[in-house]
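Here is a short briefing for a reader meeting this structure for the first time. The topics follow after the display.

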Amino acid sequence: MSQNGEESEEVHLPPVLKASVHDVRYFAALLRGVNFVNRATVTITKTGFVVVVEEARTLLATAYIFADIFDEYTYNSESPAAPQDSQNSEPEEEDNSAFEIPLNTLIECLNIFGTAGSSGSAAGAGAATGKYKKWKRGGDDSDQEGDDDDAHGRRSSNGTGGNKSIDHYFGNAADKGTGMRMTYAGSGFPLTLLIAEDAAGPTTTCEITTYEAEANLQLPFEPDRMVLKIILKSSWLRDALSELDPSCDKLTFIGNPPPAVINGKQRQQPRLANGTPMLRIQAAGTFGSTEMDYPNDRDVLETFECTRPVTFSYRFGHISRTLRALQSSTKTSLRIDDEGLLSLQFLMPSPKAKAEAAADAFIEFRCLPLDDELV
Amino acid sequence: MRFRASIENADTFFRIIQAVEKLQKKCIMKFSEDVMYIICNSEANEGGIQVWSQIKVDSLFTSYRIQSNASNVITMALSSEALLATLKSASTSSKSAYETEEIVMKLAKKNDQAVLSFEISGMTRQGRKVRVAHDVKIEVMKPADVANLKEPMCPEPDVHIILPPLQKLRPIVERLRPMSDFLGVRANNNGRLQLSIRTDTVNVDTEWKNCKNTNRASTASQDSEPDRDPDELFSVLVSTKSFFKFLNSHVVSTTTIACICRDHCMILYVYVGDLADAGGVLTFYIPGQLIDE
Amino acid sequence: MQATLDASALKPFTRALACLSRYGEDLAIYATPDSISLSTTNSSKSAYSRFKYGRQFFSKYSVTSSGGSHPDEEEEVAVSGQLLTKSLLSILRHRTVEKSVERCELSIVNGGAQDTADEDQDGLESKLIVRLHCKHGVVKTHRLLLLTLTSFLAPGVPDAANESHLTVGPRAIRDMIEHFPVPKGVRSDPQLIWNFGESEVEVKSFESSLDSKGRMQLSTELSISAEEFDLYDVYSTPTTIAFHLREFNATIAFAESMSLALEIRFTDPAAPLFIDVEGDNADTLFVISTSQVPGAPMPSQVSTNTKKREREETPRDFARIKKPMKAVQATDAASFAQADRSARSQSTSRTAASMPPPPVPDRSFRSQHETFEAQMTPVASRVREPLFLPTSSQPLSQLSAADEQVIRGTGLGIEDMNAEELAMMLEGEGEEVAFDTGSQVSTRPKVETESDADDMEFEPTQSSEDQARGFQPLFED
């Protein structure tokens with residue numbers, strides 16, 4: 001039963017996707033960031049894959065997972081005639097394979113041993129705590145418990161022959177994570193996962209049914225229509241959203257152009273001279289209202305571009321869907337276009353050292369404004 | 001009818017009842033001269049799970065005295081919740097700051113009500129004496145009813161295998177529980193153990209290859225069927241929730257032996273304390289489920 | 001009103017709110033130029049908690065009159081309002097507050113007030129504005145709707161002459177209480193019976209651990225040396241009182257978080273219990289009503305006692321009830337601060353406790369007031385019970401059908417008596433087990449003990465004659 005993956009590999013055409021990683025936590029964290037609706041569309045390309053989830057034809061969440069977060073990543077086109085040399089930056093337009101999958105099931109399977117950095121129920125095994133594990137850079141000391149379980153054993157047992165040197169795993173050697181090998185044989189086949197903690201322990205094989213992909217909501221964000229752009233530490237937004245009364249149904253972002261630069265220095269005040277804040281997040285609930293004002297201070301708003309006063313409102317229930325992504329994100333880019341379309345991009349730092357040039361993955365949420373706020 | 005004992009090992013007693021309480025709010029306790037039996041055999045239990053356990057009197061009690069006309073056996077039904085609360089108060093592992101000096105358990109009658117009375121004497125943080133007494137209401141069972149308590153019948157198991165630590169199994173079954181109501185358990189006489197679920201959306205199989213089969217099983221198979229293939233897998237389908245309830249005994253387990261009677265049931269022996277010393281064993285019986293696959 | 005808390009003052013303030021939220025849902029705020037008082041009363045009016053912070057607790061504090069008032073009469077400059085405790089607590093208790101907030105400004109703006117040009121003045125509603133000044137100049141402003149404080153509930157003043165005083169550390173008292181199992185369920189609120197003797201304190205479970213069907217399965221008793229109390233001055237030993245744990249535990253948790261001792265005062269059984277947690281920065285007062293224990297201190301009566309609170313409504317309870325003692329009583333704004341003071345200071349000097357009834361300005365207020373009155377009138381010991389307790393003119397119709405049947409079954413003809421008559425009839429008598437036994441007949445599980453079993457320690461306990469025997473005392477009268 002556990003040989004299914006291998007067999008199909010040998011008997012049939014090479015699988016559309018073969019990917020493996022010695023520690024699934026980063027992968028799981030990216031998936032968890034968009035796990036608010038169970039059905040997700042997965043699109044596989046040769047540079048990585050995208051996971052898209054939508055809600056109420058209003059909110060669209062996309063996790064961009066690049067090939068280099070895996071130790072091994074091989075994509076074989078299902079349609080050999082498709083052009084392989086496309087340099088288009090939009091992955092959607094490349095040669096790809098798409099399917100739908102029950103996302104929560106995939107995440108639960110990755111966390112079968114309770115060591116994929118669960119954010120949900122505390123696992124009995126002890127390695128996973130009830131708290132969301134923060135990602136660490138490869139060189140950081142690990143806060144994971146567990147004994148020395150070396151990456152060698154895990155990798156060879158999983159049969160993952162990546163091209164990369166083994167040395168860069170030593171930084172994470174004390175991390176007791178879950179290793180994974182994933183294969184997708186093509187349309188009509190399940191997504192197969194082979195999961196193990198270490199050579200001595202058990203192995204789990206999961207076959208997750210895939211479904212035909214349906215067209216997703218398209219919410220294109222055109223940079224030339226952008227009226228507000230803010231880059232801030234994710235913790236500011238995370239704290240703001242978590243402090244709001246859950247009974248709030250509406251959340252408003254208000255941006256005002258920064259004051260003119262006087263004598264080469266900007267005023268670092270939450271409110272401008274006339275009492276208008278730079279960025280205000282406003283919400284109203286059953287028992288009252290809340291406003292949060294942010295000054296144009298580099299420690300708070302790293303980038304602040306605003307061409308004209310902006311006020312747009314969104315359903316709080318939709319915006320709070322970002323909290324799981326915010327948990328493991330470091331930086332957030334918030335953009336709003338002239339019709340109020342909101343784009344939130346969350347940088348999800350890769351656990352690998354910068355030296356490896358592994359691009360940080362990111363998660364993007366796009367959300368339509370509430371109608372009554374349309375200008 | 002007289003019964004009195006000092007509880008020497010309140011922490012173990014507490015953890016045993018902790019596992020039992022999660023299964024059934026009321027349990028039957030049968031005290032004989034050497035053994036304390038705990039029985040949970042309600043037919044309403046999740047997936048038909050039952051517990052028939054035996055704890056050696058010496059491993060929990062000292063100054064143990066029992067007397068009754070029914071061969072010095074006393075059988076009672078009582079609230080496992082109430083018993084757990086009592087033992088929590090007596091146990092040093094609870095956060096109580098009192099240092100327990102002595103715990104006396106005895107049968108008594110208060111206001112025409114039979115009770116199992118626990119008298120705890122201890123010291124406060126300041127070193128002053130403190131006494132706590134708990135009376136757990138009991139129903140003393142008639143010998144005729146006691147005689148009717150019958151362990152479930154099952155054939156000679158096809159395989160005996162030592163399970164991985166229960167706290168390792170627990171997170172796995174915790175993930176599987178919301179996915180499927182039924183859990184397939186398979187094992188062979190060559191150290192292989194598998195837990196599987198099959199649903200429309202996902203199939204999940206977890207396999208261990210290096211478990212130990214116990215001697216009992218291997219000698220039995222050699223005697224009766226010497227040419228039986230040790231790699232043959234024997235499987236049984238059980239309720240996922242009931243298997244998870246059994247895993248609650250991880251708080252007390254040291255070694256657990258699982259026996260599979262193919263397509264019939266599984267029996268799990270959870271040893272309390274050292275296997276060699278065998279202070280006691282909680283025996284879980286989980287009947288097999290029949291569904292169309 | 002404007003009050004500013006710095007980061008170090010915010011912590012105890014939040015702990016106080018956490019404690020208040022475990023007492024009652026609604027928080028009453030009453031600010032004078034000298035101090036601000038936060039108080040709450042639980043839904044059954046059987047427990048009251050108040051924290052009073054003097055102006056020096058705040059880094060800035062001012063109360064200004066909102067209308068054309070006379071600044072020399074301080075009562076008139078008072079600002080008050082009411083809101084859900086949790087709505088304020090959830091803002092201040094948020095995990096991000098401790099690490100990022102540098103200063104917290106609380107202000108109350110009155111609806112329709114015209115005296116500021118601030119943007120906060122919008123609309124006609126009064127608001128409590130919580131402004132959190134965080135690191136890097138981030139400012140978070142929460143506006144909470146403030147309701148008009150319609151009733152001023154103030155603690156009743158105990159009769160100081162026969163007052164008992166206890167001082168005990170929070171850990172020591174928690175160690176005692178922890179041995180009493182807490183029944184599962186959010187609403188569970190067990191009651192403990194405390195018997196203060198010459199040198200020993202005995203604590204017993206009142207209702208004990210109930211199983212899922214509401215039957216009592218466990219009774220617990222703890223006895224400890226009175227020396228565990230740092231101060232043990234009981235007016236007359238033994239004194240037995242009973243009270244619920246929910247609010248008491250809230251006070252213990254607060255005292256423990258502040259590393260402060262609890263100073264407990266009480267008088268008669270059935271009169272409220274007062275607790276002070278004396279600290280540097282706040283003046284605290286906790287009042288918890290107590291129950292008279294039927295037949296105290298006989299443990300047998302206790303362990304077979306009633307299975308539900310309604311069952312406590314048996315006539316014997318009224319037979320002994322003395323003058324009503326309330327945990328709180330309605331008063332008016334003018335005497336509110338006064339009442340606070342007298343309640344605080346009464347342990348040293350008895351002030352004449354004048355608590356005039358509140359003015360009745362309009363009909364809606366009156367009906368509200370009447371509700372409070374209705375809640376207050378019954379004896380303090382029963383304030384958690386349904387509000388429609390039989391008073392002396394009411395027949396015993398509130399008894400459950402089962403109880404009534406039992407009473408009728410006695411053939412005493414008491415079913416048509418009112419409580420007063422019954423009280424007279426029962427006067428001077430010991431505890432009436434009969435009602436309990438009667439009401440327990442249906443609930444007691446069948447204990448099938450062998451009748452020939454052994455040493456006769458366990459005869460058959462349930463049979464028809466047994467029920468009859470249970471009624472014996474009443475028949476014999």
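Which residues in helix 4 of chain C meet helix 5 of chain C, and which residues do they meet there? P170(C), R171(C), I173(C) and R174(C) in helix 4 of chain C meet I252(C), A255(C) and E256(C) in helix 5 of chain C. This is a predicted model: local features need pLDDT of at least 70, side-chain atom pairs count only at pLDDT 80 or more, and totals for chains, interfaces and linings use all residues. Residues are numbered from 1 along each chain as its sequence is written, while chains are lettered from A and ligands numbered from 1 in the order in which they are written.

**Terms**

- Helices (H or I, at least four residues) and strands (E, at least two) are DSSP runs, numbered from the N terminus.
- Two residues are in contact if their C-beta atoms, placed from the backbone, lie within 7 Å.

**The helix pair in chain C**

- Helix 4 covers residues 170-177 of chain C, and helix 5 covers residues 246-258 of chain C.
- The two pack at an angle of about 140°, with their axes 9 Å apart. Axes are lines fitted to C-alpha atoms, for helices over the stretch in contact, and angles run from 0 to 180 degrees between N-to-C directions.
- The crossing of helix 4 of chain C and helix 5 of chain C is left-handed (the near helix is turned anticlockwise from the far one by less than a right angle).
- By class, this contact has 4 nonpolar, no polar and 3 charged residues. Ala, Val, Leu, Ile, Met, Phe, Trp, Tyr, Cys and Pro count as nonpolar, Asp, Glu, Lys and Arg as charged, and the others, Gly among them, as polar.

**Chain C and its strand 2**

- Chain C has 13 helices and 21 strands.
- Of its 477 residues, 44% count as buried (20 or more other C-beta atoms within 10 Å of the residue's own, with C-beta atoms placed from the backbone).
- Strand 2 (residues 26-31) of chain C is mostly covered, with 5 of its 6 residues buried.
- Strand 2 of chain C runs antiparallel to strand 6 (residues 79-84) of chain C, joined by 6 bridges. Two strands pair if DSSP finds at least two bridges between them.
- In strand 6 of chain C, Q82(C) stands opposite A28(C).
- Strand 2 of chain C also runs antiparallel to strand 3 (residues 35-41) of chain C, through 4 bridges.
- A hairpin of 3 residues joins strand 2 of chain C to strand 3 of chain C. A31(C) stands opposite I36(C) in strand 3 of chain C.

- Strands of a sheet pair through backbone hydrogen bonds, either parallel or antiparallel.
- Here 9 strands form an open sheet with antiparallel pairing, in the order 5(A)-1(A)-7(A)-8(A)-9(A)-13(B)-12(B)-11(B)-14(B).
- Strand 5 (72-75) of chain A and strand 14 (234-239) of chain B stand at the edges, each with a single partner strand, so one side of each is left without a neighbour in the sheet.
- Neighbouring strands of this sheet are turned by 15° against each other on average, direction ignored.
- Strand 9 (residues 203-208) of chain A pairs with strand 13 (residues 202-208) of chain B in the antiparallel sense, over 6 bridges.
- E207(A) has N203(B) as its bridge partner in strand 13 of chain B, and T205(A) stands opposite D205(B) in strand 13 of chain B.
- Helix 3 (residues 103-110) of chain A packs on the sheet, and its direction makes about 170° with that of strand 9 of chain A.

**The contact of chain A with chain B**

- The contact takes 22 residues from chain A and 18 residues from chain B.
- On the side of chain A that touches chain B, helix 3 and strand 9 of chain A are the elements that give two or more residues.
- Strand 9 of chain A gives the most to that side, with 6 residues.
- That side of chain A divides into 10 nonpolar, 10 polar and 2 charged residues.

**Chain A**

- Chain A has 7 helices and 19 strands.
- Buried residues make up 49% of its 375 residues.
- Helix 5 (residues 234-243) of chain A is mostly covered, with 7 of its 10 residues buried. Among them are W236(A), L237(A) and L241(A).

Key: A residue is buried if 20 or more other C-beta atoms lie within 10 Å of its own, exposed if 12 or fewer, and partly exposed in between; C-beta atoms are placed from the backbone.
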